[in-house]
Amino acid sequence: MLIKRQRSFDLPERLATPEDLFINRRTILKAAGFGALSAGAGLSTAFGLDRAQAEETDPTADLYPARRNEAFTLDRPLTPENVTSTYNNFYEFGSHKQIWKRAQNLPTRPWTVAFKGLVEKEREVDIDTLIRAMPLEERLYRHRCVEAWSMTIPWSGFPLKALLDYAKPLGSAKYVKMQTFLNPKVASGQKQSWYPWPYVEGLTIEEAANDLAFMVTGAYGKPLAKQFGAPLRLATPWKYGFKSVKSIVQIEFTETRPATFWETVNAGEYGFWANVNPEVSHPRWSQATEKPLGGSERVPTLLYNGYGEQVASLYAGMEGEKLFI
Ligand SMILES: Nc1nc2c(c(=O)[nH]1)N[C@H]1C(S)=C(S)[C@@H](COP(=O)(O)O)O[C@H]1N2
Ligand SMILES: [Mo]
């Protein structure tokens with residue numbers, strides 16, 4: 001399927017820089033007389049106002065934009081921020097795509113992340129202390145949802161490997177289990193008792209240590225918006241999007257494979273591995289092509305979402321596993 005022989009992220013970048021997509025928020029704040037407006041006053045994110053307000057109050061705002069790591073670039077345009085920030089999967093706030101306003105109800109400070117299980121020492125860390133201890137950078141990543149839509153997005157954050165070094169898992173740890181907050185008062189989707197809340201995802205230690213596995217704390221050169229999974233979410237761009245767990249409060253190291261959220265709901269349709277493969281259909285639809293958000297035409301889906309050179313070796317000798325569901 002691949003026509004080009006170069007690695008996908010070595011391809012020349014003929015993209016708008018994220019800067020081109022930015023609207024100068026301070027100018028807008030002034031123009032809108034923002035000081036007089038209350039939070040979440042129904043302002044359109046098309047103009048970045050809710051995001052701008054979040055940034056004004058984020059204790060890590062000074063860290064953005066982070067230096068871009070040029071090893072991670074794209075062969076297609078970035079998806080505009082007003083598109084990606086208004087079309088989201090975040091079932092805690094509803095099982096449809098228009099959750100961005102409701103997600104603003106999530107309090108993201110104070111916020112702590114607990115390190116548990118097979119680690120040298122279990123502990124709980126304040127999110128701002130953690131972010132400041134990590135090497136922040138920006139990477140341009142693809143994202144392929146299992147529902148066959150995709151986006152390309154400038155994430156900021158740090159390699160998950162850096163978090164492993166920080167957490168100090170024991171040699172016996174085989175998996176990393178990551179868990180979203182549980183707060184049905186704020187996230188009414190969590191009142192839907194047929195779902196196994198809280199949202200849980202997991203990786204093997206080897207996957208977690210791969211350079212592509214990225215912990216996201218920002219996007220579009222700013223602290224992460226709540227609908228993207230603030231203040232901390234995962235990005236594993238070679239896997240279907242449901243692996244990218246949002247708003248993480250707990251990271252546990254285990255010897256046994258964690259039962260993940262969607263696998264628990266329907267293991268026949270959403271598995272633990274969930275690596276992107278255009279030739280392995282979802283039981284109810286083809287995965288051969290995808291619809292880029294904001295674009296008009298479908299494009300071919302790539303094996304490992306175009307990241308095979310970086311991750312295929314992780315799965316050598318595992319042909320017996322359901323690697324692509
Ligand atoms: N906690 C939590 N994390 C989640 C989800 C969710 O519903 N809850 N949805 C997943 C799915 S299916 C996708 S495609 C991405 C969507 O990320 P985005 O809204 O930032 O595009 O988040 C993933 N992480
Ligand atoms: Mo998804």
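Select Asn69 and, leaving aside its neighbours within four places in sequence, you will find it in contact (heavy atoms within 4.5 Å) with Glu137, Glu138 and Arg139. Asn69 sits in the loop that runs between helix H3 (49-57) and helix H4 (81-84), where helices are DSSP runs of H or I with at least four residues, strands are runs of E with at least two, and both are numbered from the N terminus. With a relative accessible area of 18%, Asn69 is buried; buried means under 20% relative accessible area, exposed over 50%, and partly exposed in between, with a 1.4 Å probe and protein chains only. Its side chain reaches the backbone nitrogen of Ala71 at 3.0 Å.

Before moving on, note that this is a predicted model, in which local features need pLDDT of at least 70, side-chain atom pairs count only at pLDDT 80 or more, and totals for chains, interfaces and linings use all residues. Residues are numbered from 1 along each chain as its sequence is written, chains are lettered from A and ligands numbered from 1 in the order in which they are written, and side-chain values use heavy atoms, with hydrogens and water left out.

Now colour the chain by pLDDT, the predictor's confidence in each residue from 0 to 100. The chain averages 88, and 83% of the residues score at least 70. Residues 1-47 call for caution, as pLDDT stays under 50 there, although the model has 77 contacts beyond four places in sequence for this stretch.

Return to the loop between H3 and H4 and select Pro65, which lies in it; the peptide bond from Tyr64 to Pro65 is cis, with omega near -5°. Pro80 belongs to the loop between H3 and H4 as well, and Pro80 is partly exposed, with a relative accessible area of 30%.

Next, display ligand 1, which 18 residues surround, the closest being Asn88, Tyr91, Glu92, Ser244 and Lys246; a residue is counted here if one of its heavy atoms lies within 4 Å of the molecule. By residue type, the shell divides into nine nonpolar, six polar and three charged, where Ala, Val, Leu, Ile, Met, Phe, Trp, Tyr, Cys and Pro count as nonpolar, Asp, Glu, Lys and Arg as charged, and the others, Gly among them, as polar.

At Ser244, a backbone N or O atom lies 2.8 Å from a nitrogen atom of ligand 1, and at Asn89 a polar backbone atom is 3.2 Å from an oxygen atom of the ligand. Taken alone, ligand 1 exposes 540 Å², and the protein buries 98% of that, with areas from the Shrake-Rupley method and a 1.4 Å probe.

Finish with the backbone. Trp197 and Pro198 are joined by a cis peptide bond with omega about -5°, and Pro198 is placed in the loop between strand E5 (175-180) and strand E6 (200-204). Ala148, in the loop between strand E3 (137-144) and strand E4 (149-159), is a residue other than glycine with a positive phi, near 75°, and is buried at 7% relative accessible area. Tyr304, not a glycine either, has a positive phi of about 50°; Tyr304 lies in the loop between strand E12 (299-300) and helix H10 (308-311) and counts as buried at 6% relative accessibility.

Conventions
A polar contact is a pair of N or O atoms within 3.5 Å; within protein, one must be able to donate a hydrogen and the other to accept it, and residues adjacent in sequence count only if both atoms are side-chain atoms.
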